[in-house]
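Subject: Structure for you to look through

Dear colleague,

Here is the structure I promised to hand over, and below it I have set out what was found in it. Please keep the view open while you read, so that you can find each place as it comes up.

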Amino acid sequence: QAADNIRNFSIIAHIDHGKSTLADRILERCGAIDPRNARPQLLDSMELERERGITIKAQAVRCDYRARDGRTYHLHLIDTPGHVDFSYEVSRSLAACEGALLVVDAAQGIEAQTIANTYLAIDAGLELIPVVNKIDLPGAEPDRVAQELADLLGDDPDQVLRVSAKTGEGVDELLEALVARIPPPAGDRGAPARALVFDSQYDQYRGVVAYVRMVEGELSRGEQILAMQTGTEAEITEIGFMRPHTEPAERLVAGEVGYVITGIKDVQRMRVGDTLTSRARPAGEPLPGYREVKPMVFCGLFPVESDRFEDLRDALDKLALNDAALQYEPETSEALGFGFRCGFLGLLHMDIVRERLEREYDLELLATTPNVAYEVELTDGTVMTVRSPAEMPDRARIAEIREPYVRATIVCPRDHVGAVMELCQERRGVHVDMHFLSPERVQLRYDLPLAEIVLDFFDQLKSRTRGYASLDYELLEPRPGDLVKLDVLLSGDRVDALSMIVHRDKAYPSGRLICERLRERIPRQQFEVAIQAAIGSKIIARETVKPLRKDVTAKCYGGDVTRKRKLLERQKRGKKRMKQVGRVELPQEAFLAVLELS
Ligand code: GTP
């Protein structure tokens, strides 16, 4: 059978354990990239990804490996993102494979995402090949890490491969193991066509490029196709493989992974998770798709210059073409004017979107404090979703507020267990269980309100364990919480964009802290500014920003002109991010003050 020489696989790993480097080494070994002019980490194609060193979009590359048995194998490598925000993209990529390399850093050992991704791969029925990477490092402990991996998979430590993606050591053995252990794809080539769209990308010139795994049958250039879930009909104008650049072919057959271009311009009509089939001989049933991705974190984005609202809309429309997880709808704030309430997968996703909007679309934005979505049951029985504190109905109308919860998996050295438990308890965590991965390393599980972890939990976890703990989480059902809306008033005016929803037990300390933080961040104005925190009509905290007295440049003695100019320039730059709220000028930092409440 033709598919015998095909192997479809992913590389899954905790962030920074060397997935992209190993991918590069494999592509290089198979001649898909030339080591002399290869840019490091070829698979991370987005500029921002490269800068931040993270993988966001899953991509697929075909390369050819001539094995020791003399046969040439087509390897399809499907890249997976490594950050917890993007774990839904991991399961998507895994659905297109038969196997995965499970890569763990020899100096670090198993981390939370290693475990989470392993379960995703096992659920997807994949053959897993455990790999210890970075054996060249002076601090490497390949034996210990191999044992951890063997325990995790219920495997023999002898089955664990050892490589250095940096030096290339062990990569040949890895490729041999890959060909030997990962089964070839099974799909029937003669059946009606079914291709799973596991990723898609919008290209300015070619429209939507859909990355597909042919599960059964075949699709050819020029063929009329149907996207079974959306009902979209189109003609294949180009089909082929990523090597890693698009290389057109006549057809894709069962088992192969490649791309399809139809000239369709709207990613919504060629959606990830859909099944492509042939119109002439359609399949009976679509393939099982994917769960819809649900944004977990929301914030308001407002242009600093109000007349750029339409530009912001255009920019969001364009970004969303390549980012199915990004949601947005217009929002009007009394304080900030016209903007959008945006939904993100997590804080990293939010940062990336915001940075791209500013960098690629030359916008200056004010972002409000991020919050989660609440399920609010009213006294009349209706249930509404509240995505912004401003939308929270009056207390008298509320029967119950339910907040999203996650089950967090945390891995850390045993010495840090106390610190981790303390942090989880402070964040209203409910202990689920704990067990030892090895004599030195512990896995803890807690159920936590998502709101308690989206802001700074990860940073806190890192700093309290000196960087040794790792985190992953999955969403649970929302649970009732005793929550209240905390408002902030500036000079007596309620600033809707600064409102937040907090647990009742934390309302008083949070109110005091937010007032203090705002006092530090709101520049002095011509008049006194009163900062107050309130629950309903009850004021619970107050601070004052004293009025401006001196000319800020006075202390430069008038003599040092460059210093004076620099100071003025800095002030001017600072000003750009200011927004006039009532009578008060509010800087962007004010909205971040709430991030530092703990
Ligand atoms: P994400 O894309 O963010 O998920 O990270 P990644 O898992 O792809 O890790 P990446 O390949 O970017 O590697 C992380 C760091 O480890 C980089 O600085 C690499 O140069 C380094 N690295 C990767 N493999 C090896 C290795 O075998 N030995 C050594 N010494 N360093 C390595």
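A salt bridge, as the term is used here, is a side-chain nitrogen of Lys or Arg within 4 Å of a carboxyl oxygen of Asp or Glu. With that in mind, you can look for Glu111, Glu141, Arg144, Glu148 and Arg441, which are linked in a network of such salt bridges. Please remember throughout that this is a predicted model.

The chain as a whole

The protein chain has 14 helices and 35 strands, and of its 598 residues 54% count as buried. If you take the contacts between residues at least 6 apart in sequence, 69% of them join residues at least 24 apart. The chain exposes about 26,500 Å², and carbon and sulfur atoms supply 47% of that area.

Salt bridges

A search of the whole structure finds 39 salt bridges, and I will go through a few of them.

Another salt bridge joins arginine 162 and aspartate 143, with 2.8 Å between the closest N and O atoms. Because arginine 162 lies in strand E6 and aspartate 143 in helix H5, this pair ties together parts that are 19 residues apart in sequence. Arginine 162 is partly exposed, at 34% relative accessibility, whereas aspartate 143 is exposed, with a relative accessible area of 55%.

The side chains of lysine 134 and aspartate 105 also meet in a salt bridge, at 3.1 Å from N to O. This pair links distant parts of the chain, since lysine 134 sits in the loop between strand E5 (127–133) and H5, while aspartate 105 belongs to strand E4, 29 residues apart.

A patch of negative charge

On the surface, Glu127, Asp155, Asp156 and Asp158 gather in a patch of negative charge. One of these residues, aspartate 155, lies in the loop between helix H5 (142–153) and strand E6 (161–162), and at 32% relative accessibility aspartate 155 counts as partly exposed.

Helix H1 (residues 19–29) is largely enclosed by the rest of the structure, because eight of its 11 residues are buried. The buried residues in H1 are Lys19, Ser20, Leu22, Ala23, Asp24, Arg25, Ile26 and Leu27. What covers these buried residues of H1 includes strands E1 (6–13), E2 (60–66), E3 (72–78) and E4 (99–105), together with helix H6 (171–181). Just after H1, you will find that glycine 31 takes a positive phi of about 75°.

Further along, isoleucine 514 is found in helix H12 (residues 504–521). Isoleucine 514 counts as buried because its relative accessibility is 0%, where buried means under 20%. The C-alpha atoms of isoleucine 514 and valine 488 are separated by 8.5 Å, and the two residues are 26 residues apart along the chain.

With best wishes

Definitions and conventions:
Residues numbered from 1 in each chain as written. Predicted model: local features only at pLDDT ≥ 70, side-chain atom pairs only at ≥ 80, totals over all residues. Heavy atoms only, no water. Patch = residues over 30% accessible without salt bridge, like charges linked within 9 Å, V, L, I, M, F, W, Y side chains within 5 Å. Areas by Shrake-Rupley, 256 points an atom, 1.4 Å probe, with all protein chains shown as cover. Lys, Arg positive; Asp, Glu negative; His and termini not counted. Charge placed at Lys NZ, Arg CZ, Asp CG, Glu CD. Helix = DSSP H or I, 4+ residues; strand = E, 2+ residues; numbered from the N terminus. Buried < 20%, exposed > 50% of the residue type's maximum accessible area, 1.4 Å probe, protein only. Contact = heavy atoms within 4.5 Å.
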